[in-house]
Amino acid sequence: MIFIDSREAAKSKGIYNMLVKALGQQVGVKKLDIGDYLLDGVEGAALIERKTITDLLNSMKPDETGRGRIWSQLDQLSEISSCEKILIIEGWMGIVRKLTEWNEASLYRLLESIQKAYGIPLVYTPDWKGTAQYLIAKYRSLGERREPRDLRLRASSTSMTEEEQALYLIEGL
């Protein structure tokens, strides 16, 4: 089964439609606490976070914690041990040079540091169609699972506040 986060499915209808066309009933939509896509195959599972180039740049800007949203997402991904984790970077990297004030070399160094610090492989796709094709191929490489199973993805509570830890504990009961 491939599960698509409900928020991701709403904004990436092209990917969703391509997955359904290729895999039919093996595609489902549900709220994922972590990641955008959960590929649950017979041979294993993969949790995938998808970032377009512009979303990646926006997610690097400091938020209320002083860190960019991308770092919180990567922290959560790295805490999951039950499956493979992958970060998809979608789009043409040259857009950084053409349309932004970002230093292109800094972005490349950032991507390198993500791979080194988090051990999360990066997969580059040119557009949403490439992303959908990658998801289909990756899912098939995991062995297609026709029936859903209860695969729980929960990050550890070590990076949470006390209130978040209490809620985390209650949700797990």
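Guide: Start with a term: contact means heavy atoms within 4.5 Å. Helices (H or I, at least four residues) and strands (E, at least two) are DSSP runs, numbered from the N terminus. Buried means under 20% relative accessible area, exposed means over 50%, and partly exposed lies in between (1.4 Å probe, protein chains only). This is a predicted model: local features need pLDDT of at least 70, side-chain atom pairs count only at pLDDT 80 or more, and totals for chains, interfaces and linings use all residues. Residues are numbered from 1 along each chain as its sequence is written, and side-chain values use heavy atoms, leaving out hydrogens and water.

Now the part itself: helix H7, residues 128–141. Look just before the helix. A side-chain oxygen of Asp127 comes to within 3.2 Å of the backbone nitrogen of Lys129, at the start of H7. Next, check the length. H7 has 14 residues, and at 1.5 Å a residue they should span 20 Å. The expected span is 1.5 Å times one less than the number of residues. The end C-alpha atoms of H7 are 20 Å apart, which agrees. After H7 comes Gly143, and its phi is positive, near 85°.

Which residues of H7 are buried? They are Gly130, Thr131, Ala132, Leu135, Ile136, Lys138 and Tyr139. Their cover includes helix H2 (13–23) and several strands: S1 (2–5), S3 (37–41), S4, S5 and S6 (122–125).

H4 spans residues 69–79, and its buried residues are Ile70, Trp71, Gln73, Leu74 and Leu77. They cover an arc of only 160° around the axis, so they sit on the same side of H4. That arc is taken from the directions from the helix axis to the C-beta atoms.

Now step back to the protein chain. It has eight helices and six strands. From the N terminus on, they run β-α-α-β-β-β-α-α-β-α-α-β-α-α. Buried residues make up 43% of the 173 residues. Take the contacts between residues at least 6 apart in sequence: 72% of them join residues at least 24 apart.

Methods
A polar contact is a pair of N or O atoms within 3.5 Å; within protein, one must be able to donate a hydrogen and the other to accept it, and residues adjacent in sequence count only if both atoms are side-chain atoms.
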